Amino acid sequence: GAGVSQTPSNKVTEKGKYVELRCDPISGHTALYWYRQSLGQGPEFLIYFQGTGAADDSGLPNDRFFAVRPEGSVSTLKIQRTERGDSAVYLCASSLTGLAGTGELFFGEGSRLTVL
Amino acid sequence: ILNVEQSPQSLHVQEGDSTNFTCSFPSSNFYALHWYRWETAKSPEALFVMTLNGDEKKKGRISATLNTKEGYSYLYIKGSQPEDSATYLCAFIRRAGNQFYFGTGTSLTVIP
């Protein structure tokens with residue numbers, strides 16, 4: 001597709017369940033970011049991939065959160081044992097080369113996660 | 001903790017009014033400052049990427065300035081239109097970093 005695609009757009013789950021959120025970046029973009037936006041806050045950094053590797057995962061809040069990008073394209077954010085505090089909009093963004101270039105981010109529409 | 005602040009938090013203006021808002025960021029280790037517009041039910045879209053102190057950028061009725069020495073950027077909208085209604089986010093990137101540090105945004109509503 002032409003833009004960044006995120007699925008699902010909405011996910012409602014129960015506390016304790018496992019969730020996967022998928023991001024399909026713009027073709028050819030090597031940099032991929034995951035951000036989380038909670039109500040009333042700005043987007044909060046989670047993880048940055050350059051190609052297949054996680055170049056910076058310092059924003060992942062705890063070991064329940066994990067993300068992969070096995071072929072350097074699609075990325076999956078995985079959340080184990082979900083908690084009510086995980087409820088947020090999860091944004092994915094890609095960039096042609098990351099900060100080696102202009103760094104301009106192209107965002108998906110987000111996945112809204114609600115944990116009951 | 002790296003602080004990026006935006007003000008005001010929200011703004012209501014009449015169609016045709018000009019408006020501006022502020023993004024404040026650390027004045028040390030500056031690399032770049034981005035502005036994004038996020039309309040409801042859409043993806044955030046880049047408005048400006050600013051890297052040099054004194055930069056002024058313009059896109060139609062929207063312009064932005066950058067002062068890296070004092071750590072602020074202004075976004076101006078001239079003759080606001082209802083389609084300008086959105087949340088405007090700024091993001092600070094520090095030298096040798098990977099992360100974009102976003103502010104909480106300014107929510108603009110333009111009343112027809």
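User: Which strands each supply at least two residues of the lining of the largest pocket?

Analyst: Happy to start there; keep in mind that this is a predicted model. Both chains take part in the lining of the largest pocket. From chain B come β9 (86–94) and β11 (106–111), and from chain A come β9 (88–95) and β11 (111–115).

User: And which strand gives the most to that lining of the largest pocket?

Analyst: The lining of the largest pocket counts 28 residues, and among those nearest its centre are Arg112(A) and Trp38(B). Four residues come from the top contributor, which is β11(A).

User: By class, how many residues of the lining of the largest pocket are polar?

Analyst: Good one to check. The pocket holds about 710 Å³ of space. Its lining has seven nonpolar and four charged residues, and the polar ones number 17.

User: Turning to the two chains, what is the area buried between chain A and chain B?

Analyst: The contact involves 22 residues of chain A and 19 residues of chain B. Carbon and sulfur atoms give 62% of the buried area, whose total is about 1700 Å².

User: Which residues of chain A lose the most area to chain B?

Analyst: Three residues together make up 32% of what the chain A side buries. They are Pro43(A), Leu99(A) and Phe107(A).

User: How many residue pairs in polar contact does the rule find across the interface of chain A and chain B?

Analyst: Salt bridges across this interface come to zero by the rule. Polar contacts, counted with both residues at pLDDT 80 or more, link residue pairs numbering five.

Definitions and conventions. Residues are numbered from 1 along each chain as its sequence is written. Chains are lettered from A and ligands numbered from 1 in the order in which they are written. This is a predicted model: local features need pLDDT of at least 70, side-chain atom pairs count only at pLDDT 80 or more; totals for chains, interfaces and linings use all residues. Side-chain values use heavy atoms; hydrogens and water are left out. On a 1 Å grid over the protein atoms alone, a cavity is a set of points where a 1.4 Å probe fits but cannot get out, and a pocket is an open set with protein on both sides within 12 Å along at least five of seven lines; lining residues have an atom within 4 Å of a point. Grid points are joined across faces, edges and corners, and a volume is the space filled by probe spheres set on the points. Ala, Val, Leu, Ile, Met, Phe, Trp, Tyr, Cys and Pro count as nonpolar, Asp, Glu, Lys and Arg as charged, and the others, Gly among them, as polar. Contact means heavy atoms within 4.5 Å. Buried area is the accessible area (1.4 Å probe) that two parts lose on being put together, summed over both. A salt bridge is a side-chain nitrogen of Lys or Arg within 4 Å of a carboxyl oxygen of Asp or Glu. A polar contact is a pair of N or O atoms within 3.5 Å; within protein, one must be able to donate a hydrogen and the other to accept it, and residues adjacent in sequence count only if both atoms are side-chain atoms.
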